[in-house]
Amino acid sequence: PFGQFNYLCGTSESVMYLVSGRDLNATLLNTCHSERINDVAYPLGTSEIIATCSVNDIRLWNAVKCKELLRIRVDNLECNCVCFSPSGKSIVSGWSDGKIRAFGPQSGKLLYVINDAHKITGLKKVSGALIGVTAITMTNDGSRIVSGGSDGQVRVWQITPSAQTLVASMKQHKATINSIDIKKDNSECITASDDGSCIVWDLERFARNNIMYAQTYFKQARYLNDESQILTCGSDKQITYWDAYDCTAIREMPESEPNEISALDLSPDGKCFVTGGF
């Protein structure tokens, strides 16, 4: 389709070129991650920009044109999770060395680093498992970061232009934290873990409000838009509805996917949700 003397060339780094057979000049067509993608995030209020994270880098994409806009590279590390600040002025990310890093979304400039956000020493490394900061989000006013790690801890950080301060550390999970979701009024959050539990945390008292158990590795927990119920998914291939008040199971959708469900999110209007599986 590109003419008699032109060729498509793909590389092991997931880069595609159009190469002229006459003079061997190469034109860049497309780029992509060459390792597993650990997280995908949208900025608040738009679906035109996507951030993805993988081994060594974070990338920003124009979702309409399917083009890479920015690449933020940190060699020899893996980015486990990523989110945008509510204002869209920073990209906050969690890394395999236990650090939280924030970058400018236009320049890619490093804005700040939180060292030793989550412990990595003394943890048993399992092939393919994430280690370090494994879940991250910001409160809806952008004043705090809530992070989770492979150490099972949930931590709250106060963010100001001049400092990033640890406010609270909550430890009841016994395994990796896979997701964090915060209520609209910032009063509480829910965390999903590989230990078979989802915990609802009070973000004012920094204590547990409630807990849900199941024979599964919980991968994602999300409040419905009216926050009356919670949706969860995990290794048992089920999607479960829970009452947000007393955390009792309301409904299960068994064998929703043929394999383990690793991700779940809701549409902005709350009319549907989407899952991703192994």
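1. Let's start with asparagine 62. Leaving aside residues up to four places away in sequence, Asn62 touches Glu48, Lys67 and Leu69, where contact means heavy atoms within 4.5 Å. This is a predicted model, in which local features need pLDDT of at least 70, side-chain atom pairs count only at pLDDT 80 or more, and totals for chains, interfaces and linings use all residues. Residues are numbered from 1 along each chain as its sequence is written, and side-chain values use heavy atoms, with hydrogens and water left out.

2. Staying with Asn62, you'll find this residue in strand E6. Helices (H or I, at least four residues) and strands (E, at least two) are DSSP runs, numbered from the N terminus. With a relative accessibility of 18%, Asn62 counts as buried; buried means under 20% relative accessible area, exposed over 50%, and partly exposed in between, using a 1.4 Å probe and protein chains only. The Asn62 side chain reaches the backbone nitrogen of Val64 at 2.9 Å, and the backbone nitrogen of Lys65 also at 2.9 Å.

3. Aspartate 57 is another E6 residue, the strand covering residues 55-62. Asp57 is buried, at 2% relative accessible area. Its side chain makes a polar contact of 3.1 Å with the side chain of His33. A polar contact here is a pair of N or O atoms within 3.5 Å; within protein, one must be able to donate a hydrogen and the other to accept it, and residues adjacent in sequence count only if both atoms are side-chain atoms. Beyond four places in sequence, the residues touched by Asp57 are His33, Thr52, Arg71, Ile72, Arg73, Cys79 and Trp95.

4. Now E6 as a whole. Seven of its eight residues are buried, so the strand is largely enclosed by the rest of the structure. E6 runs antiparallel to strand E5 (residues 49-53), with five bridges joining them; two strands pair if DSSP finds at least two bridges between them. Ile50 stands opposite Trp61 in that arrangement, and a hairpin of one residue links E5 to E6.

5. What does E6 pair with in the antiparallel sense over seven bridges? That is strand E7, residues 67-84. Trp61 turns up again here, with Glu68 as its bridge partner in E7. Four residues separate the strands in the E6 and E7 hairpin, where Cys66 takes a positive phi near 55°.

6. Cys83 has Val92 of E8 as its bridge partner. This hairpin has six residues between the strands, and Gly88 takes a positive phi near 80°. Why is E8 (residues 91-95) largely enclosed? Because five of its five residues are buried. Ile91, Ser93 and Trp95 cover one side, Val92 and Gly94 the other.

7. E8 also pairs with strand E9 (residues 100-103), antiparallel over four bridges. Ile91 stands opposite Phe103 in this pair. The hairpin has four residues between E8 and E9, and Gly98 in the turn has a positive phi of about 85°.

8. Six of the six residues are buried, so E17 is largely enclosed by the rest of the structure. Ser197, Ile199 and Trp201 point one way, while Cys198, Val200 and Asp202 point the other. Five bridges tie E17 to antiparallel E16 (residues 188-193), with Ile190 and Val200 as bridge partners. Gly196, in the three-residue hairpin of these strands, takes a positive phi near 85°.

9. E17 pairs with E18 (residues 207-213) too, antiparallel over six bridges. Cys198 stands opposite Met212 in E18. Their hairpin has four residues between the strands, and Phe206 there takes a positive phi near 55°.

10. Last, the second largest pocket, with a volume of about 260 Å³. A pocket is an open set of points on a 1 Å grid over the protein atoms alone, where a 1.4 Å probe fits, with protein on both sides within 12 Å along at least five of seven lines; lining residues have an atom within 4 Å of a point. Grid points are joined across faces, edges and corners, and the volume is the space filled by probe spheres set on the points. The lining has 14 residues, of which Ser90, Tyr112, Ile159, Thr160 and Pro161 lie nearest the centre.
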